[in-house]
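Biologist: I would like to learn how to read a model of this kind, one feature at a time. Could you give me the general idea in each case and then show me where to look?

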Amino acid sequence: MAAGLLWSGLTPRAPYQVTDRGTVLADPTTQALIAADGWFAVITGGLGLLCGGVAWFIGRRWMLPVLLGLCAGGMLASFLTLWVGSTFTIGAVTVEAAAVPGAKIVPGALKLTASGVLVSWPLVAVGFFGLLEGMHGYRESPLRQPYGIGPE
């Protein structure tokens with residue numbers, strides 16, 4: 001939930017113009033839509049990194065259940081972040097719009113345009129878990145010892 005509030009607070013809103021037909025994007029060249037995706041990926045990716053590290057240190061004994069939990073929990077956390085961030089408006093910072101003078105400009109709702117960033121939390125969590133396990137496995141490998149000399 002805190003991730004969604006953080007995403008809502010940091011992400012600028014795209015400007016929309018109120019017309020007779022409803023609201024339309026006031027500035028088609030705005031980068032605010034891309035910024036929403038970027039901030040979402042940074043926040044959820046950072047939390048995925050944290051979850052992957054904690055899961056490796058705590059649950060290495062039960063690798064398969066931990067990895068499945070990282071995948072399922074990461075997807076659930078991503079969807080919860082998306083729902084909280086798009087429902088609660090914390091920082092309604094609107095970028096400037098190149099609209100018709102005198103037109104009413106309102107900040108748009110926060111949403112994702114690239115749905116692929118929803119997997120950043122579980123992908124980073126599982127990837128970091130695998131990286132840590134690979135480094136640990138390499139360090140503990142008997143293949144690193146010279147031939148004929150065992151570990152001390």
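This is a predicted model: local features need pLDDT of at least 70, side-chain atom pairs count only at pLDDT 80 or more; totals for chains, interfaces and linings use all residues.

Biologist: Which strands pair with β1, and in what sense?

Modeller: Two strands pair if DSSP finds at least two bridges between them. Here β1 (residues 15-19) pairs in the antiparallel sense with β2 (residues 22-25) over 4 bridges, and in the antiparallel sense with β3 (residues 105-107) over 3 bridges. A hairpin is formed by β1 and β2, with 2 residues between them.

Biologist: Which residues make up the largest nonpolar core?

Modeller: In soluble globular proteins, nonpolar side chains tend to be buried together. Buried means under 20% relative accessible area, exposed over 50%, and partly exposed in between (1.4 Å probe, protein chains only); a nonpolar core is a set of buried Ala, Val, Leu, Ile, Met, Phe, Trp, Tyr and Cys residues joined through side-chain atoms within 4.5 Å. The largest such core has 12 residues, including Trp 7, Phe 40, Leu 82, Leu 118 and Trp 121. At least two of its residues come from each of α1 (2-10), α2 (32-59) and α3 (63-87), and α2 gives the largest share, 3 residues. Apart from this core lies another, of 7 residues, among them Val 66, Ala 125, Phe 129 and Leu 132.

Biologist: Which residues does Leu 118 touch?

Modeller: Contact means heavy atoms within 4.5 Å. Leaving aside residues up to four places away in sequence, Leu 118 touches Phe 40, Met 75, Ser 78, Phe 79, Leu 82 and Leu 112.

Biologist: What does the salt bridge of Arg 60 tie together?

Modeller: Side chains of opposite charge can pair when their charged atoms come close. A salt bridge is a side-chain nitrogen of Lys or Arg within 4 Å of a carboxyl oxygen of Asp or Glu, and the structure holds 1. Arg 60 forms it with Glu 133, the closest N and O atoms being 3.1 Å apart. Because Arg 60 lies in the loop between α2 and α3 and Glu 133 in helix α4 (residues 120-140), the pair ties together parts that are 73 residues apart in sequence.

Biologist: Is Gly 108 buried or exposed, and which residues does Gly 108 touch?

Modeller: Gly 108, in the loop between β3 and α4, counts as buried because its relative accessibility is 10%. Gly 108 touches Arg 13, Ala 14 and Tyr 16, not counting residues up to four places away in sequence.

Technical notes: Residues are numbered from 1 along each chain as its sequence is written. Side-chain values use heavy atoms; hydrogens and water are left out.
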